Number of protein chains: 2
Amino acid sequence: MVNDPFRALSHPIRRGIVERLAEGPATVGEATAGFGVSKPAISKHLKVLEETGVVARVVVGRTHRLSLEPDVLSEAADWMDLQRARWGRLFDVVDDYLKENESR
Amino acid sequence: MVNDPFRALSHPIRRGIVERLAEGPATVGEATAGFGVSKPAISKHLKVLEETGVVARVVVGRTHRLSLEPDVLSEAADWMDLQRARWGRLFDVVDDYLKENESR
DNA sequence: CGGATCGTTAACCATTGGGTTAACCGTAGC
DNA sequence: GCTACGGTTAACCCAATGGTTAACGATCCG
């Protein structure tokens, strides 16, 4: 999978960036303030988010404006919801199953 | 974050295992057939899923029965849905924003 | 022009990740 | 008892991650 949103979201800093961008577009400085890592580290995280198609970048003068690219993230959200719907049908079944096994 | 479901889901094999377990509990062999990697590799993926609290294991004789542990995955699904709800309010705004910047 | 600002690239380093093979453990079954 | 089976552990390998500092590029502004 070339666009792997789960990989993109597997680091807390990148999730933090996504959270901020979910409020609306922002510059790199705005979207990444306060994470306590160096600028090159931030730059790498942004590269991952951009490569996976989670974030889009528009260069405006010397600042880079970032915005969320909903499609790829929606894919991930859809996958999660689908799995949740499937396991949701099993709630009670699982309990029974475990009890059955414990008593074997 | 000690229980990081996104890390757990960041590998396609682990997502595959989750998909199978969303249909219902299964043994290791059942849940992980056909991934084309060795058994130790599988074992490591299962360890990750177990450590992150995504999967529970009950040893029955010489087989290990796996089942999905819904809580941690639900956390992730909730996070995704929350972000989607937030960025959803921005759809048109983003378009305007990009156009505005392109014309600068 | 010259300095400050926003952000990236380069080079490097330590750790983690994901895979392998070989060996092992415990249980099942003949 | 012994072999087959389900699965893990150990030891190892290489590539990818995530961080650093130092330097750079480009733009803005006095």
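Colleague: Which helices and strands each supply at least two residues of the surface near DNA strand C?
Modeller: From chain A those are α3 (28–32), α4 (39–51) and β3 (63–68), and from chain B there's α4. Helices here are DSSP runs of H or I with at least four residues, strands are E runs of at least two, and both are numbered from the N terminus. Keep in mind it's a predicted model: local features need pLDDT of at least 70, side-chain atom pairs count only at pLDDT 80 or more, totals for chains, interfaces and linings use all residues, and side-chain values use heavy atoms, with hydrogens and water left out. Residues are numbered from 1 along each chain as its sequence is written, while chains are lettered from A and ligands numbered from 1 in the order in which they are written.

Colleague: What about the DNA atoms within 4 Å of the protein, what share belongs to sugar or phosphate?
Modeller: 62%, and the rest belong to bases.

Colleague: Which side chain has an N or O atom 2.5 Å from a phosphate oxygen?
Modeller: That's His45(B). Ser43(A) also has a polar side-chain atom 2.7 Å from a phosphate oxygen of DNA strand C. On the base side, a polar side-chain atom of Arg62(B) sits 3.3 Å from a base oxygen. The cut-off for a polar contact is a pair of N or O atoms within 3.5 Å.

Colleague: OK, switching to the fold. What's the strand order in the chain B sheet?
Modeller: β1-β3-β2, an open sheet of 3 strands with antiparallel pairing. Pairing takes at least two DSSP bridges between two strands. The edges are β1 (26–27) and β2 (55–60) of chain B, each pairing on one side only.

Colleague: How many bridges link β2(B) and β3(B)?
Modeller: There are 6, with β3 covering residues 63–68. Arg57(B) has Leu66(B) as its bridge partner, and Val59(B) has His64(B). The hairpin has 2 residues between the strands, and Gly61(B) there takes a positive phi near 60 degrees.

Colleague: Which strands does α2(B) lie across?
Modeller: β1, β2 and β3 of chain B, with α2 (residues 12–22) running at about 85 degrees to β3(B). Axes are lines fitted to C-alpha atoms, for helices over the stretch in contact, with angles from 0 to 180 degrees between N-to-C directions.

Colleague: Last one: at what angle do α5(A) and α2(B) cross?
Modeller: Roughly 30 degrees, and their axes come within 8 Å. Trp79(A), Gln83(A), Arg86(A) and Trp87(A) meet Arg15(B), Val18(B), Glu19(B) and Ala22(B) there, contact meaning heavy atoms within 4.5 Å.

Key
A residue is near a molecule or strand if one of its heavy atoms lies within 4 Å of it. A polar contact is a pair of N or O atoms within 3.5 Å; within protein, one must be able to donate a hydrogen and the other to accept it, and residues adjacent in sequence count only if both atoms are side-chain atoms.
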